[in-house]
Amino acid sequence: MGGVVSSGEDNDELIDNLKKVDYLRTPKVERAFRSVDRGHYYLEGHQDTAYCDMAWKQGNLHISAACIYAEVAEQLMIQPGQSFLNIGSGTGYLSTVVGNLLGPFGINHGIELHLDVIEYAKSKLKDYLTLYCKDEDIIDFCHPVFVHGNCFRMNLNDRHYDRIYVGAACPEEYFDFFKQLLRINGYLVMPFNDKLVRVHRLSENNWECEEMLDVAFLALIHPTEEDNNLPPIQMPGSKPHSLRNLSRRTIRKALGSNILNKIKELELPPTLKNYLCYNRKTNKDRIRTISGGSDLGKNDADTDIQMVDT
């Protein structure tokens, strides 16, 4: 799928074109897509097609057509504070867009089969946080947490999610597997039998399924025999926000961006200025790699990106 939207010269023009044909319908989803430049997630030398409505693949890296991501975000109806799981999180582009919809109190998880792709997503997230994200947006951003492994090894009893997107075609025998990951009243969007479908969990044992679009996706990779001998993947737990971060966010909201910009010009103690204005340099240190699942070292407890090795 793709090619239904005119190409743009840049990210904003692509978003304008998605709006014209009604793929982007709500202001908050539009803002989220404008805040994350699609071209930033392409390899150098491949960005000439970044703002075309078409899928892109290079090695293990893959980005779906722009119209697909727009429709997925609209159909999931993501609300602040919800939990989101991106299965086949890839470059991290969609997870970053969704991070601007979930707000600071949401949960933003991705699981990805290829280790090199997780490393790529990690570097792109670092760039987004340190170079591209606006000062007034970064305090409300829900940082993605990426987990390495085959999604079919996820523990169904470990965690359930409000919103789920599956970025590759679901094999027929695993349709019920993904349904079980949903919380009651949650929504799941995934490719299934050449259709993009949305599943709504109505109760413990009742789901409602509707077809959205005709699509063509590569299938998810089945677990190998070696995978099946490994323990189930435990998704990361959620941590309460520190009082310091909660206080800083409240102060920033009360002051507003105009006053905060003036604060940057005042001769204040550097510690106070960094606390109020959010020191970008600290973000680079917060994005690290954790190996070994739950066996975390004591110095790695406060990270924004986790990798669970298979």
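Figure 1. The largest cavity holds about 40 Å³ of space, with grid points joined across faces, edges and corners and the volume taken as the space filled by probe spheres set on the points. Its lining consists of Asn-11, Leu-14, Ile-15, Leu-18, Phe-33, Arg-38, Ala-66 and Tyr-93, where a lining residue has an atom within 4 Å of a point. Helix α1 contributes the most to this lining, with 4 residues. This is a predicted model, in which local features need pLDDT of at least 70 and side-chain atom pairs count only at pLDDT 80 or more, while totals for chains, interfaces and linings use all residues. Residues are numbered from 1 along each chain as its sequence is written, and side-chain values use heavy atoms, with hydrogens and water left out.

**Figure 2. The largest nonpolar core and the surroundings of Phe-33.** A nonpolar core is a set of buried Ala, Val, Leu, Ile, Met, Phe, Trp, Tyr and Cys residues joined through side-chain atoms within 4.5 Å; buried means under 20% relative accessible area, exposed over 50%, and partly exposed in between (1.4 Å probe, protein chains only). The largest core comprises 55 residues, and Leu-18, Phe-33, Ile-68, Leu-76 and Tyr-165 have the most contacts inside it. At least two residues of this core come from each of several elements, including α1 (11-20), α2 (27-35), β7 (182-192) and β9 (206-214). Helix α3 gives the most, with 8 residues. Helices (H or I, at least four residues) and strands (E, at least two) are DSSP runs, numbered from the N terminus. Leaving aside residues up to four places away in sequence, Phe-33 touches Asn-11, Ile-15, Leu-24, Tyr-69, Ala-70, Ala-73, Tyr-93 and Val-97, a contact meaning heavy atoms within 4.5 Å. Apart from this core lies another, of 26 residues, among them Ile-164, Val-166, Leu-181 and Leu-188.

**Figure 3. Glu-71 in helix α3****.** Glu-71 counts as buried because its relative accessibility is 8%. Residues up to four places away in sequence not being counted, Glu-71 touches Tyr-23, Arg-25, Met-212 and Leu-213.

**Figure 4. Arg-163 in strand β6 (residues 161-166)****.** With a relative accessible area of 7%, Arg-163 is buried. Beyond residues up to four places away in sequence, the contacts of Arg-163 include Leu-76, Met-77, Ile-78, Phe-84, Asn-185 and Tyr-187. The C-alpha atom of Arg-163 is separated by 9.4 Å from that of Leu-181, 18 residues apart along the chain.

Figure 5. The structure holds 0 disulfides, a disulfide being a pair of cysteine sulfur atoms within 2.5 Å. Cys-170 is in no disulfide, and its nearest cysteine sulfur, belonging to Cys-151, is 8.5 Å away. Cys-170 is buried at 5% relative accessibility; Cys-52 is also buried, with a relative accessible area of 16%.

**Figure 6. The chain as a whole and its confidence.** The chain contains 11 helices and 9 strands, and 51% of its 310 residues count as buried. Of the contacts between residues at least 6 apart in sequence, 63% join residues at least 24 apart. The average pLDDT, the predictor's confidence in each residue from 0 to 100, is 86, and 86% of the residues score at least 70. Over residues 279-310 the pLDDT is below 50, and this stretch has 78 contacts in the model beyond near neighbours in sequence.

Methods: 1 Å grid on protein atoms, 1.4 Å probe; cavity = no way out; pocket = protein on both sides within 12 Å on 5 of 7 lines; lining within 4 Å.
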